[in-house]
Amino acid sequence: MFWQDEEETPAITIPDDIVDVLFTLQCRSLPVDHAYALSQALLAAVPWLAEADAGIHTIHVAGSQNGWERPSHGVDQHLLLSRRTKLSIRLPEAQVAALKAALEGISLDIGGAELGIGAGKPKRLGKPTTLFARYVAGPEDLDEEAFLRWAAEQLREQLDIRVRKALCGKQTPLTTPNGALPTRSLMLADLKPEESLRLQQQGLGPHRLMGCGLFIPHKGIDAVHKAE
């Protein structure tokens, strides 16, 4: 864990050249481990995503809903989707219209599950000081401490971000035809607004089309630190 004192951050204007496009869905369930299947289905429908510096968020649902507990990670386990569940794709704002034209109204096969895609709506990135990535693909065979050191080094060298507070999770393998891709979740806190924007726009590490290295807002890291 990294932990340093907070610093005051100035107000900042949020650029809108990178956005998340949120699509409504018609789907009852999806495999929990669907990152590869989702990326391949979307690339087949929209091949130019591979050249668009895009990121495809994996589809996520709450850990508990009406007594239903989130199943363990795996392609043989399934998520139950609600009407509020969205598909989110991050890409340059200039390509939103083309993405909507390509995806709205089509159905995709995601590991045997039919995923119907409805209307898409762009959402500008915010300026949260705490961000969370469910999956970050770093070097293999790193323990948690070594992974945090690697992440801090990459953030400093590539994005000019100084890590102040960070937590990573246990290793989660994403299934691919070439074997399991090892990933870890990563939470960063006390980011400056301009750092937050750079990180959301550029991400960390490879495999963005499988949802890796894509950061989203999080409520905060302090409660987790105090609990430990």
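The model is a predicted one: local features need pLDDT of at least 70, side-chain atom pairs count only at pLDDT 80 or more, and totals for chains, interfaces and linings use all residues. Residues are numbered from 1 along each chain as its sequence is written, and side-chain values use heavy atoms, with hydrogens and water left out.

**The overall picture**

The protein has 5 helices and 13 strands. Helices (H or I, at least four residues) and strands (E, at least two) are DSSP runs, numbered from the N terminus. Of the 228 residues, 47% count as buried. For the record, buried means under 20% relative accessible area, exposed means over 50%, and partly exposed is in between (1.4 Å probe, protein chains only). As for contacts (heavy atoms within 4.5 Å), 78% of those between residues at least 6 apart in sequence join residues at least 24 apart.

Two strands pair if DSSP finds at least two bridges between them. By that rule, 4 strands form an open sheet in the order 11-12-10-13, with antiparallel pairing. Strand 11 and strand 13 are the edge strands, each pairing on one side only.

Strand 10 (residues 131-136) is worth a look: 5 of its 6 residues are buried, so it is largely enclosed by the rest of the structure. It is joined to strand 12 (residues 179-189) by 4 bridges and to strand 13 (residues 216-217) by 2 bridges; strands 10 and 12 run antiparallel, and so do strands 10 and 13. If you want to trace this on screen, start with phenylalanine 132. Its bridge partner in strand 12 is methionine 187, while in strand 13 its partner is isoleucine 216. Next along, alanine 133 has leucine 186 as its bridge partner in strand 12. In a regular strand the side chains alternate between the two faces of the sheet.

**Salt bridges**

A salt bridge here is a side-chain nitrogen of Lys or Arg within 4 Å of a carboxyl oxygen of Asp or Glu.

| Pair | Closest N to O distance |
|---|---|
| Lysine 100 and glutamate 104 | 2.6 Å |
| Glutamate 195 and arginine 164 | 2.8 Å |

Arginine 90 sits in strand 7 (residues 86-92) and aspartate 20 in strand 1 (residues 18-26), so the pair ties together parts that are 70 residues apart in sequence. Both arginine 90 and aspartate 20 are buried.

Glutamate 195 and arginine 164 form another salt bridge. This pair also links distant parts of the chain, with glutamate 195 in helix 4 (residues 193-202) and arginine 164 in the loop between helix 3 (144-159) and strand 11 (165-176), 31 residues apart. Glutamate 195 is buried at 5% relative accessible area, and arginine 164 is buried too, at 2%.

With lysine 100 and glutamate 104, the setting is partly exposed: lysine 100 has a relative accessible area of 23%, and glutamate 104 comes in at 32%.

**Two positive phi angles**

Aspartate 53 has a positive phi of about 55 degrees although it is not a glycine. You'll find aspartate 53 in the loop between helix 1 (35-45) and strand 3 (55-56). Aspartate 160 also has a positive phi, near 55 degrees, and is likewise not a glycine. Aspartate 160 belongs to the loop between helix 3 and strand 11, and it is exposed, with a relative accessible area of 59%.

**The largest pocket**

Rolling a probe the size of a water molecule over the atoms shows where empty space is left. On a 1 Å grid over the protein atoms alone, a pocket is an open set of points where a 1.4 Å probe fits, with protein on both sides within 12 Å along at least five of seven lines; lining residues have an atom within 4 Å of a point. Grid points are joined across faces, edges and corners, and a volume is the space filled by probe spheres set on the points.

The largest pocket has a volume of about 960 Å³. Of the 35 residues that line it, Thr58, His60, Val61, Arg134 and Ile216 are the closest to its centre. Strand 1, strand 7, strand 9 (113-124), strand 10 and strand 13 each supply at least two lining residues, and the largest share, 4 residues, comes from strand 7. The lining divides into 12 nonpolar, 14 polar and 9 charged residues, where Ala, Val, Leu, Ile, Met, Phe, Trp, Tyr, Cys and Pro count as nonpolar, Asp, Glu, Lys and Arg as charged, and the others, Gly among them, as polar.
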